[in-house]
Amino acid sequence: MSSAIAFVHEQLTQTKKFPAFKAGDNITVNYKIIEGNKERIQSFKGDVIKKQGSGATATFTVRKISDGVGVERLFPFTSLISILLYCTKLARFAGLSCFTRERSGKSARIREKRMAVAPKTAVAEQA
């Protein structure tokens, strides 16, 4: 029994480095699926609806549209392999679940955040 407790404690104390993201961002989550004696890595790409909790119990929810049906999945940070951040978006509030579930099509989109880029002439002069 003590080996099981040690295993759980080890899993909860491991810290992995993930990119900083917030509600509204578009990400791909890679996680491991174990079926019998086979293991595989599956990806889930969508928009982050919310982040909640802290420490070992922190979770986040990702939503995507698959064949016209909304699919939401809740991920704990401790069970993930990697997170890829595609684009950041301008979300006015932290929980987007009510916003995205009520709307469909263009009205459900969240505007992308524009990043400031230095003009090419200024970069050429510095070189």
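Q: Which residues does Thr59 touch, not counting residues up to four places away in sequence?
A: Once residues up to four places away in sequence are set aside, Thr59 touches Lys50, Lys51, Gln52, Leu74, Phe75, Pro76 and Phe77; these are called contacts because heavy atoms lie within 4.5 Å. The model is a predicted one, in which local features need pLDDT of at least 70 and side-chain atom pairs count only at pLDDT 80 or more, whereas totals for chains, interfaces and linings use all residues. Residues are numbered from 1 along each chain as its sequence is written, and side-chain values use heavy atoms, with hydrogens and water left out.

Q: What makes Thr59 count as buried or exposed?
A: The relative accessible area of Thr59 is 13%, and the term buried applies under 20%, exposed over 50% and partly exposed in between, with a 1.4 Å probe and protein chains only. Thr59 is therefore buried.

Q: Why is Thr28 placed in the class that it has, and what is Thr28 in contact with?
A: Thr28 has a relative accessibility of 7% and therefore counts as buried. Leaving aside neighbours within four places in sequence, Thr28 is in contact with Ser43, Phe44, Lys45, Ser82, Ile83, Leu84 and Tyr86.

Q: What joins β2 to β3, and which residue stands opposite Val62?
A: Five bridges join β2 to β3, and the two run antiparallel, with Val48 opposite Val62 in β3. Six residues lie between β2 and β3 in their hairpin, where Gly53 in the turn has a positive phi of about 80°.

Q: Over how many bridges do β3 and β4 pair, and over how many do β1 and β5?
A: Strand β3 (residues 59–66), in which Thr59 is found, pairs with β4 (residues 69–76) over eight bridges in the antiparallel sense. Ile65 stands opposite Gly70 in β4. The hairpin of β3 and β4 has two residues between the strands, and Asp67 in the turn has a positive phi of about 55°. Strands β1 and β5 (residues 80–87) pair over six bridges, again antiparallel, and Ser82 in β5 is the bridge partner of Asn30.

Q: In what order do the five strands form a sheet, and what makes a strand an edge strand here?
A: The five strands form an open sheet in the order β4-β3-β2-β1-β5, with antiparallel pairing. Strands β4 and β5 are the edge strands, and each pairs on one side only.

Q: What pattern does the chain follow, and what share of its residues is buried?
A: Read along the sequence, the chain follows α-β-β-β-β-β-α-α, which comes to three helices and five strands. Buried residues make up 25% of the 127 residues.

Key
Two strands pair if DSSP finds at least two bridges between them. Helices (H or I, at least four residues) and strands (E, at least two) are DSSP runs, numbered from the N terminus.
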